[in-house]
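Here is a friendly walk through one protein model, in questions and answers. Have the sequence and the 3D view open as you read.

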Amino acid sequence: MADQIEHIIPPWEVEAYVEGLKISNFENIGTKSWLIFHKKLVLLNQQNVFEITELREESVTEWFISLKKIPILVYEAIQIDIWKHKVFPILIDLNGEPKNTFMLYSVFYHEVIAVSLLENILFHCEGAQTVEEFVIDLIDYAVQRVTMLLDGKTVDIHKKYEIKDSESCLEEITEKRKTLEFDIGMRCISILHYLIEILDTLPLCAISHMLAVHDIPYLFAHLIETQPWKKQNENGDVMMYEMNWKKINDIRKINKREGQVWFGLRQLLLNPKCSPYYEITEHRLSQFSQLQKHLHRDVLDQITLLIELKRWLSYLNISPAMPSSKPTCPIRVEVIPQIKSTILEKYHKMWKKLAKHQSKYLFTTDADYIKDAAQTLNQVYDLEKLNRIEIKYCLLCQEPSKKRCSRCKEVWYCSRECQVKDWENHKNICDTISKKRNSDSS
């Protein structure tokens, strides 16, 4: 067994950490004060993940909800997304090839942390309800990130900047950014699902925004068709994405994201409260008809609630005229998203000035500043600690596991039974790793 940790942040400090959170200053991204804020947010996320995986009381979630700090996470995610598109390209133009990836990675990772906390907190309906007036901003952001999973427009930096060296820092940060943005898109599927689940408690403008503005049912239908959470590796093995790519043995098993998309579709299409805002046009009917081939026995056996959706889709094909008749739509009171428009308006025509200011920190060659920044973040990027809180999967059956080989400490098993079954395959590798570790330490 791996050594156990009691906590990332002492329980008596969690409340203070959350209570002290304030929206970061856009102009200060990369400065020491911003890095300290980033560190606190990362530690809170690690504590949150630790509490969830260890089935402990979710103190981080409770304090974010009770202190009404969730809007800060929405603001931080949107703010970094704007920075990536408005400031980062100018930083590259002004400074060229970065000397290291450490500082820039911290900024990109900041968005992942905000979204990760949002995903875990919004799992609880009380959390989703405290987003309050920023729910429209969150819907806009999440839909944008999920849409990027479909069109593949994760990072366009290769088209604009010529990268001559495949091992350059710019190439490295681009690849890291692609990985982070894919992860954000997957997490945003969960966020949209959680909001849809409490649709009846959200303001009517949120329902209208999901259906009339963004057409989330159509978006979700495309996700079912493309299945971005699944791929094949170079050996032809089927891989599923669960915070990272992992090989699966049973390809019939529904992925978590796929299940969330199906539940979201069912809720949006069958909820009577949604029908006044959503007309089934011929174009939509054509897309929804494609879903029926995916609702086969393997899927229906795992999610029996989808039988009702399958019947509804069959009815659409038989009698398209009635469902596609234009619904009587109530008067809509549209709420304008606040966060993105406020930031864009405040810094309009100031992007180059901001980039010049932030270059002093993000592209610094000052060894003392870099060393100081590294020391600030050393605690949050502790690989041993991250290894302990990351969810592990059984080498044999791919189920979540908490036990690992006591000899080589490299592979994990969900039970003694799986370890015994796999011993014939594992013992040679185990011997090699153990001997190498012993020789390195001697």
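Predicted model: local features only at pLDDT ≥ 70, side-chain atom pairs only at ≥ 80, totals over all residues.

**A tour by question and answer**

Just after H11, aspartate 215 takes a positive phi of about 50°.

Q: How many of the 10 residues of helix H11 are buried?
A: Helix H11 covers residues 204-213 and is mostly covered. The buried residues are Cys205, Ala206, Ile207, Ser208, His209, Met210 and Leu211. Of the 10 residues in H11, the number buried is seven.

Q: What covers the buried residues of H11?
A: Several helices take part, among them helix H8 (135-151) and helix H14 (282-289). The cover also includes H10, H12 and H13.

Q: At what angle do helices H10 and H13 pack?
A: H10 spans residues 169-197 and H13 spans residues 256-270. Their axes lie 9 Å apart, and the crossing of H10 and H13 is left-handed. The two helices pack at an angle of about 35°.

Q: How do the residues in the contact of H10 with H13 divide into nonpolar, polar and charged?
A: From H10 the contact draws on residues including Met186, Ile189, His193 and Glu197. From H13 it draws on residues including Arg257, Val261, Phe263 and Leu268. The contact residues divide into seven nonpolar, five polar and four charged.

Q: Is leucine 21 buried or exposed?
A: Leucine 21 is in the loop between helix H1 (11-19) and helix H2 (32-53). Beyond its neighbours within four places in sequence, leucine 21 is in contact with Phe37, Leu41, Leu44, Phe64, Lys69 and Ile72. The relative accessible area of leucine 21 is 2%, so this residue counts as buried.

Q: How far apart in space are leucine 21 and leucine 73?
A: In sequence, these two leucines are 52 residues apart. From C-alpha to C-alpha, the separation of leucine 21 and leucine 73 in space is 9.7 Å.

Q: Why is the pair of tryptophan 83 and phenylalanine 88 called tilted?
A: The structure holds 13 aromatic pairs. In this one, the ring centres are 5.9 Å apart and the planes are at 35°. Tryptophan 83 is buried at 0% relative accessible area, and phenylalanine 88 is buried at 2%.

Q: Which residues do ring pairs link into a cluster with Phe26?
A: Tyrosine 347 and tryptophan 351 form a tilted aromatic pair, 6.2 Å centre to centre with 40° between the planes. Tyrosine 347 is buried at 3% relative accessibility, and tryptophan 351 is buried with a relative accessible area of 12%. The residues linked with Phe26 are Tyr347 and Trp351.

Q: Which residue lies over the face of tyrosine 105?
A: The residue sits 5.1 Å from the ring centre of tyrosine 105. Its name is lysine 176.

Q: Is leucine 55 buried or exposed?
A: Leucine 55 is in the loop between H2 and helix H3 (59-66). Leucine 55 has a positive phi of about 55° although it is not a glycine. Most residues other than glycine have a negative phi. With 76% relative accessibility, leucine 55 counts as exposed.

Q: What is the relative accessible area of glutamine 227?
A: Glutamine 227 lies in the loop between helix H12 (216-226) and strand E1 (230-232). Its phi is near 45°, a positive value in a residue other than glycine. Glutamine 227 is buried, with a relative accessible area of 17%.

Definitions and conventions
Residues numbered from 1 in each chain as written. Heavy atoms only, no water. Axes fitted to C-alpha atoms, helices over the stretch in contact; angles between N-to-C directions. Helix = DSSP H or I, 4+ residues; strand = E, 2+ residues; numbered from the N terminus. Left-handed = near helix turned anticlockwise from the far one by under 90°. Contact = heavy atoms within 4.5 Å. Nonpolar A, V, L, I, M, F, W, Y, C, P; charged D, E, K, R; others polar. Buried < 20%, exposed > 50% of the residue type's maximum accessible area, 1.4 Å probe, protein only. Phe/Tyr/Trp six-rings, centres within 6.5 Å; stacked < 30°, edge-to-face > 60°. Lys NZ or Arg CZ within 6 Å of the ring centre and 35° of its normal.
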